[in-house]
Amino acid sequence: MISRVYAEAPQTDAFYENAEGEAETDAAEAEEPGEAEGTSGKSDSSSGGRKHRKKSSMSEEEETDTGTTVTDSSYSDGEISITLTEYRECDTAIYVADIMLSSAEYLKTAFAQNAYGRNVTAVTSEIAKDVGAILAINGDYYGARQQGYVIRNGVLYRDTAASDQEDLVIYEDGTFGIISDGHVTAQELLEDGAVQVLSFGSALVVDGEISVLEGDEVGKAKASNPRTAIGVIDDLHYVFVVSDGRTEESEGLSLSELAEFMEGLGVQTAYNLDGGGSSTLYFNGEVINQPTTNGKKIGERSVSDIVCIGY
């Protein structure tokens with residue numbers, strides 16, 4: 001069982017319909033990865049008055065001959081350490097994977113069907129299983145757009161800049177950077193040591209400070225939605241964060257609420273990835289969250305790519 005942390009949080013208004021302008025990749029709902037505008041009130045995820053009630057559940061440990069220890073909510077083998085925790089804030093279930101690595105080489109990305117292309121997709125869990133990932137989240141759904149840099153595992157696939165686009169750059173030493181397309185070329189990023197460039201956004205936390213405000217909007221959707229984000233706390237110490245949303249059980253998060261939650265985890269840099277029906281957290285062979293496109297059916301949506309931990 002995942003350890004759970006509950007917080008008393010103000011209820012926010014939810015908008016389950018997508019905004020105009022989403023791309024064609026989610027035919028069931030309104031097509032592209034849905035991300036939301038920070039329209040809701042301030043989350044209590046980082047406030048001093050936050051009230052938590054934590055329930056730690058014991059899980060059976062399985063230790064292999066190689067010294068790997070695995071439970072329902074953790075993995076450790078000496079090189080990779082992962083711990084899952086579920087939070088309840090803003091009337092939403094939020095799943096956090098805390099990750100410690102001995103080397104940045106274990107933070108990877110992968111394409112659906114192991115191929116680059118706009119119409120090449122698969123569900124997150126399938127992509128993760130295909131590459132033997134221990135942990136995975138959906139990526140930026142690069143295939144939904146014709147612009148935005150794409151660098152994956154040190155290979156440049158697309159060098160077309162998107163206007164007013166903030167990208168997450170992951171360098172070969174495992175550090176994160178936030179750049180704007182057009183201010184630097186994809187080739188220059190590659191030469192500077194970029195291993196991954198993810199193009200969705202926006203940046204949530206930069207230099208330990210929240211970088212989005214209530215009312216900020218990403219053009220793919222608005223208001224409260226399922227979310228996916230990645231953050232770095234310290235050297236080779238990361239968090240993958242996925243929230244549920246669009247259901248009676250979980251309202252979803254606005255961008256500002258997600259940013260405050262990430263700040264509360266102690267991240268130095270955090271970045272918003274594709275959300276909505278794409279938002280999926282996979283761990284040790286199982287989907288952990290409740291992915292949904294329309295709130296009526298629980299199930300993964302096919303995506304172009306994932307961010308993952310593995311060998």
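I keep in mind throughout that the model is a predicted one. I then listed the buried residues of H3, which are Leu255, Ser256, Glu257, Leu258, Ala259, Glu260, Phe261 and Met262. Looking past the helix, I noted that H3 is followed by Gly266, whose phi is positive, near 90°.

Next I turned to the strands and asked in which order the five strands of the open sheet are arranged. The order I read is E8-E22-E9-E20-E21, and the pairing is antiparallel. The edge strands are E8 (107–111) and E21 (286–287), each of which pairs on one side only. As a reminder to myself, strands of a sheet pair through backbone hydrogen bonds, in either the parallel or the antiparallel sense.

Which residue stands opposite Val287 of E21? I found Tyr282 in that position. Val287, which is found in strand E21, counts as partly exposed because its relative accessibility is 30%, a value that lies between the 20% limit for buried and the 50% limit for exposed. I also looked up the distance from Val287 to Glu300, 13 residues apart along the chain, and their C-alpha atoms are separated by 8.8 Å.

The nonpolar patch is formed by Tyr116, Val155 and Tyr157, which together have about 240 Å² of accessible area. Is Tyr116 buried, partly exposed or exposed? Tyr116 is partly exposed, since its relative accessible area is 31%, and this is over the 30% that a patch residue needs.

Last, I looked up the negative surface patch, which is formed by Glu172, Asp173, Asp234 and Asp235. Of these I checked Glu172, which is found in the loop between strand E12 (166–171) and strand E13 (176–180). Glu172 is exposed, because its relative accessible area of 62% is over the 50% cut-off.

Technical notes
Residues numbered from 1 in each chain as written. Predicted model: local features only at pLDDT ≥ 70, side-chain atom pairs only at ≥ 80, totals over all residues. Heavy atoms only, no water. Patch = residues over 30% accessible without salt bridge, like charges linked within 9 Å, V, L, I, M, F, W, Y side chains within 5 Å. Areas by Shrake-Rupley, 256 points an atom, 1.4 Å probe, with all protein chains shown as cover. Salt bridge = Lys/Arg side-chain N within 4 Å of Asp/Glu carboxyl O. Lys, Arg positive; Asp, Glu negative; His and termini not counted. Charge placed at Lys NZ, Arg CZ, Asp CG, Glu CD. Helix = DSSP H or I, 4+ residues; strand = E, 2+ residues; numbered from the N terminus. Buried < 20%, exposed > 50% of the residue type's maximum accessible area, 1.4 Å probe, protein only. Pairing = 2+ DSSP bridges.
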